[in-house]
Amino acid sequence: MTSRSSAQTLPPIHRVLLRLLAMLFALLVGMPSAWADDVVPAPRATARPNILFIFSDDHATAAISAYGSKLINTPHIDRLAREGTLFQNCFCTNSICGPSRAVILTGKHSHRNGFRDNHSTFDGGQATFPKLLQQAGYQTAIVGKWHLVSQPTGFDHWEVLPGQGAYYNPAMLSAPKTAEGPPTKRTVPGYVTDIVTDLALDWLDTQRDVSKPFMLMLQHKAPHREWEPGPAELDLFRGTTFPEPETLFDDYAGRAGGAAEQEMTIARHMLPKDLALMTPKNMNPEQKARWEAAYAAENEAFHKANLSGDALARWNYQRYIANYLRCVAGVDRTIGRVLEYLDKTGLAKNTIVVYSSDQGFYLGEHGWFDKRWMYEESLRMPMLVRWPGVTVPGTVDDHLVQNLDFAPTFLAAAGVAIPADMQGRSLVPLLRGDSPADWRQSVYYHYYEFPEPHRVPSHYGVRNRTHKLIWYDDRREWELFDLANDPRELHSIHADPAASEVFAHLRTELARVRAEAGDTTGVPLPTP
Ligand code: CA
């Protein structure tokens, strides 16, 4: 892969040559033929690009091979990395479903867009990037998971899952028949990852106004809890033993009190339905038979073994990871279908394709599933962008970027003015291979949802390239991690005299980014 940092050190003419070589290489290894007449990348896209935002729920970078996964191959997501830019350091501002989605739509932190936790209702009256694109002449659509309670606004077409939605034979909601009426509801037979893909492709193929550019949000339910793989993936990984993370049996020493008091352990907080020890509801007889045949032998062995303690935790981990990865494999497979459709129709040439997920997730690290914490596994989001003629194939970008930046990016890519009150920054310069001297050196984070579910304490903090400072505001506790020497974040050094200088620096930086974000919510920082 082309490393962005090494590309940055080259003089401009060498960077252009490097870019041309990369494009030529991409052509030789079978990029869409559309590239043939676009070998020299235009400094600015001439026609307004289409935007296809493919999004999933709870997909950790540790389950994407382009990010170095030790667990799974994701060839179709990897294709976007090969043909575009992979952001190595993309972070959410609040690691939970609804809040991340609200940040993406508005380009504003949770305290500004009003959606602080999953008990919130999204104010659809506020400015969002789909609305602004629609006003600028884009056809806009969203299909799949929405999870913001209120009805979608700013979309010419929407068909979304109610709430979390179902994996099998899901209900789907679409625009009401009358202005003030309830959404139109129907049940669609089949498996949700396939259904969302089919509905999105159907809109692209037969329903949209082809005289306009489009912005389509294709948003999967998978791989969200409870992990119910589709028929096509039920036999994957049978007999596979996955490597355990080093921190599966974390004792939470060396951290603030909340880490030991949470309720999101694989060992103690998973339910039979999380572990496929029960057959999911709302399956038809054929689906039910297929499901039960897939799990019967393993479940029988499990019940006979009567496991407890570490052995039970290990079994839970293996069952959880297998099902999680099966759900991911379904997402990856359908992305292959979507990319193939773009190639076949020639749309690939002028369509920005993005893959991301609302936050990261614990795949057994610290003994956990779920997200919420500012620790790396749930803070980091996958973010891959392929923009033919703009992104250099195989680029890895390590700037600190956030979901806050997505809305400004899509507006800038479409040539639409970015409202002054959006708090993120357009990634377009990074996508073009530039490295703005004034790019952010740290990111701000604020999580609110306590106590239920999972009892993760509220906290806010700052992360730069080397360290992370977290203030558990309700608990009045600090954590400070040296990310280079303690990448798994096991030993807080906030009280270590040797770290007093870095602690003071980060504390000032946290006050600064919090003021910059205009955040006065939560318990204020103590005076030094
Ligand atoms: Ca999520």
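E83 is buried in this predicted model, with a relative accessible area of 7%, where buried stands for under 20% relative accessible area, exposed for over 50% and partly exposed for what lies in between, using a 1.4 Å probe and protein chains only.

A word on conventions before I go on. Residues are numbered from 1 along each chain as its sequence is written, and side-chain values use heavy atoms, with hydrogens and water left out. Because the model is predicted, local features need pLDDT of at least 70 and side-chain atom pairs count only at pLDDT 80 or more, whereas totals for chains, interfaces and linings use all residues.

Now to the calcium ion. Its protein donors are D57 (OD), D58 (OD), C97 (SG), D358 (OD), D358 (OD) and Q359 (OE1), at 2.2 to 2.7 Å from the ion; donors here are N, O and S atoms within 2.8 Å of the metal, or 3.2 Å for Na, K and Ca, and since water is not among the atoms, sites may look incomplete. Along the chain, the donors follow the spacing D-D-x38-C-x260-D-Q. Distant parts of the chain are linked in this way, with D57 in the loop between β2 (50-56) and α3 (75-83) and D358 in the loop between β10 (351-357) and α11 (376-379), 301 residues apart. Both D57 and D358 are buried.

Next, Y448, which is placed in the loop between β14 (442-447) and β15 (459-464). Y448 is buried as well, at a relative accessible area of 14%, and its side chain makes a polar contact of 2.7 Å with the side chain of T521. Apart from neighbours within four places in sequence, Y448 is in contact, meaning heavy atoms within 4.5 Å, with residues including N94, H111, R116 and D519.

P280 lies in another loop, between α8 (258-261) and α9 (285-305), and counts as buried at 12% relative accessibility. Not counting residues up to four places away in sequence, P280 touches E228 and W291.

Turning to helix α10, residues 309-345, its 37 residues should span 54 Å at 1.5 Å a residue, and the end C-alpha atoms are 55 Å apart, which agrees; the expected span is 1.5 Å times one less than the number of residues. Of those 37 residues, 26 are buried, so that α10 is mostly covered. After α10 comes G346, with a positive phi near 80°.

Finally, the strands. β16 (residues 467-472) and β17 pair in the antiparallel sense over 6 bridges, pairing being assigned if DSSP finds at least two bridges between two strands. W471 has W478 in β17 as its bridge partner, and the hairpin formed by β16 and β17 has 4 residues between the strands, with R476 in the turn showing a positive phi of about 55°. Strand β17 (residues 477-482) has 5 of its 6 residues buried, so it is largely enclosed by the rest of the structure.

Conventions. Helices (H or I, at least four residues) and strands (E, at least two) are DSSP runs, numbered from the N terminus. A polar contact is a pair of N or O atoms within 3.5 Å; within protein, one must be able to donate a hydrogen and the other to accept it, and residues adjacent in sequence count only if both atoms are side-chain atoms.
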